[in-house]
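Trainee: I'd like to learn how to read strands and sheets in a structure. Could we go through one together?

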Protein chains: 2
Amino acid sequence: MAIGRSPQSSSQGPDQGASRRPSRARGIPEATVARLPLYLRALTALSERSVPTVSSEELAAAAGVNSAKLRKDFSYLGSYGTRGVGYDVEYLVYQISRELGLTQDWPVVIVGIGNLGHALANYGGFASRGFRVAALLDADPAVVGGSAAGLPVRHMDELEEIVAGQHVSIGVITTPPGAAQQVCDRLVEAGVTSILNFAPTVLSVPDGVDVRKVDLSIELQILAFHEQRKAGEEPDRGDSVLDRAPGPVRAAAAKLRRAAGGGPAKPDSGKGGKPGQEGDLSAVMPA
Amino acid sequence: MAIGRSPQSSSQGPDQGASRRPSRARGIPEATVARLPLYLRALTALSERSVPTVSSEELAAAAGVNSAKLRKDFSYLGSYGTRGVGYDVEYLVYQISRELGLTQDWPVVIVGIGNLGHALANYGGFASRGFRVAALLDADPAVVGGSAAGLPVRHMDELEEIVAGQHVSIGVITTPPGAAQQVCDRLVEAGVTSILNFAPTVLSVPDGVDVRKVDLSIELQILAFHEQRKAGEEPDRGDSVLDRAPGPVRAAAAKLRRAAGGGPAKPDSGKGGKPGQEGDLSAVMPA
DNA sequence: CCATCTTTGTGCACACGTTCACAAACGCAT
DNA sequence: ATGCGTTTGTGAACGTGTGCACAAAGATGG
């Protein structure tokens, strides 16, 4: 079978970020890196209110984390606090920005200008942190030539030129799932080394390329899981008994299922058994 | 100071999901829950191609994870595989769906119908997994009355009635950051117990309410971090020496900074020091 | 200059997550 | 039936992340 490409390099699962490559090159744990933007946001808010210093306790509350965790996180960056006082807001903003690489400009291309692509193009958070939209791209002639957020939508064919010409190293994929891997390959080939993927696809990329995934459907499913648990807390809604059987019983059941020919005996995935769930997504958006 | 509300209950940080409450009520680890949707997607694809069984190795490749991890994940659900053969695709689809609570219908309200709200309303992945959009809500009279994805946009005032009447337990917040906490409070008050938050805000909710956060800006910042690391691998671009100094030196520097009055001595956040980064987001979308 | 109070930075213990590696279980051919 | 090849399920080792609790460091007041 073998469904993915060759390497499953660069992480992608829920353990986002570059996990397999220890990534702790200079020591900053991945979990800490993921929290730095959180701190940065809280600090920026304080900065705007001209608050000069902040304690780990206050900042932790604002960022929604444990204060000990916050202090440990900061300790990886160096000792930027002052005991008995707290942290200098402006200085910390600068240090975190620098650590995250936000003191430089990051041109970004967005590929796939559907509903989500549009939303992202209009996204205020891009420009406000050094991320500049270098170009909007789409393969659909009906979309190319239009505009979003004041930028023209250009054709995929210009991708290579744009990436090379503007030294784009970050690409955002908001295409339908079917096109994602292909777009990804072109991005990588053109020189992009970091990809933010909104398509519900497992992208396969060569070593050295980072992929992060945002998947709305998954988030909702996780919520549903917890929601279901809340609902059926004490009532022991009995699952067909076989399901959690001790082993031999269950194995026999599996054998029976297989023997049945995989046809009519299946549970029908729960509800309205209409097929094509994954294939015919209403275009533009991932499922 | 104290910025957030009262409790910082229910998790929210990068350690998404209900972390602090062990949540492993019946034993399924949070990390596993987060991967189940991944497996489900891969399995659904196989199911459509009428593949009857799949080995852990194959499925793991398709989902982009380690096969041992996949097997351990499945072992939490029970023993649904057959040694020497693999897993029955249809059966596993059913089991995972059931575990995630996707065999039932989950009405969802989306609050804040801006660019992103529109995109979500049109999101194919909603309906395809049992998530039904019960209503689209907005507070802006200019938006109310319009429609998105065939559904009318209704006014916030109808929230309580809709949530109660349709037994909505999941809410999606796509408002500007300033409105997020307020909307969240109303949702919770109305009876919603799971929230998917797209606004760049740390929501504070009472115990028993789950919050998951999707933050585009953070994802990009994490990518930028790794990108920067790739770029400056060997060159020891010397950071003003003070930055990583042994301690006493650094402390003195901090004292000097503070003594300087917090005014002109600050590093200016790196680039064009225009303020209002967090406050004046171009509405509609989070930053 | 000393005492006291506040807050950082971190050692340590523990919980969680990942991966290896292998025995047990199963299908299949003979 | 028996043996062989395959694949699952899991015990155990390891790595990562979290949180407590406290000593050290600095601020502050007398």
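This is a predicted model: local features need pLDDT of at least 70, side-chain atom pairs count only at pLDDT 80 or more; totals for chains, interfaces and linings use all residues.

Trainee: What is the bridge partner of V172(B) in β9(B)?
Mentor: Start with strand β8 (residues 170-173) of chain B, which runs parallel to β9(B) and is joined to it by 4 bridges. Together with helix α8 (residues 177-190) of chain B, these two strands make a right-handed β-α-β unit. Within β9(B), the partner of V172(B) is L196(B).

Trainee: Which residue in strand β10 (residues 210-213) of chain B stands opposite S194(B)?
Mentor: β9(B) also pairs with β10(B), in the parallel sense and over 4 bridges.

Trainee: Which strands are at the edges of the open sheet of 3 strands in chain B?
Mentor: That sheet has the order β1-β3-β2, with antiparallel pairing. An edge strand here pairs on one side only, which gives us β1 (53-54) and β2 (81-82) of chain B.

Trainee: What angle does helix α4 (residues 89-100) of chain B make with β3(B)?
Mentor: Strand β3 (residues 86-88) of chain B is joined to β2(B) by 2 antiparallel bridges, and T82(B) stands opposite G86(B). Helix α4(B) packs on this sheet, touching β1 and β3 of chain B. Its direction makes with that of β3(B) an angle of about 70°.

Notes: Residues are numbered from 1 along each chain as its sequence is written. Chains are lettered from A and ligands numbered from 1 in the order in which they are written. Two strands pair if DSSP finds at least two bridges between them. A crossover is right-handed if, with the strands pointing away from the viewer, the path from the first strand over the helix to the second runs clockwise. Two residues are in contact if their C-beta atoms, placed from the backbone, lie within 7 Å. Axes are lines fitted to C-alpha atoms, for helices over the stretch in contact, and angles run from 0 to 180 degrees between N-to-C directions.
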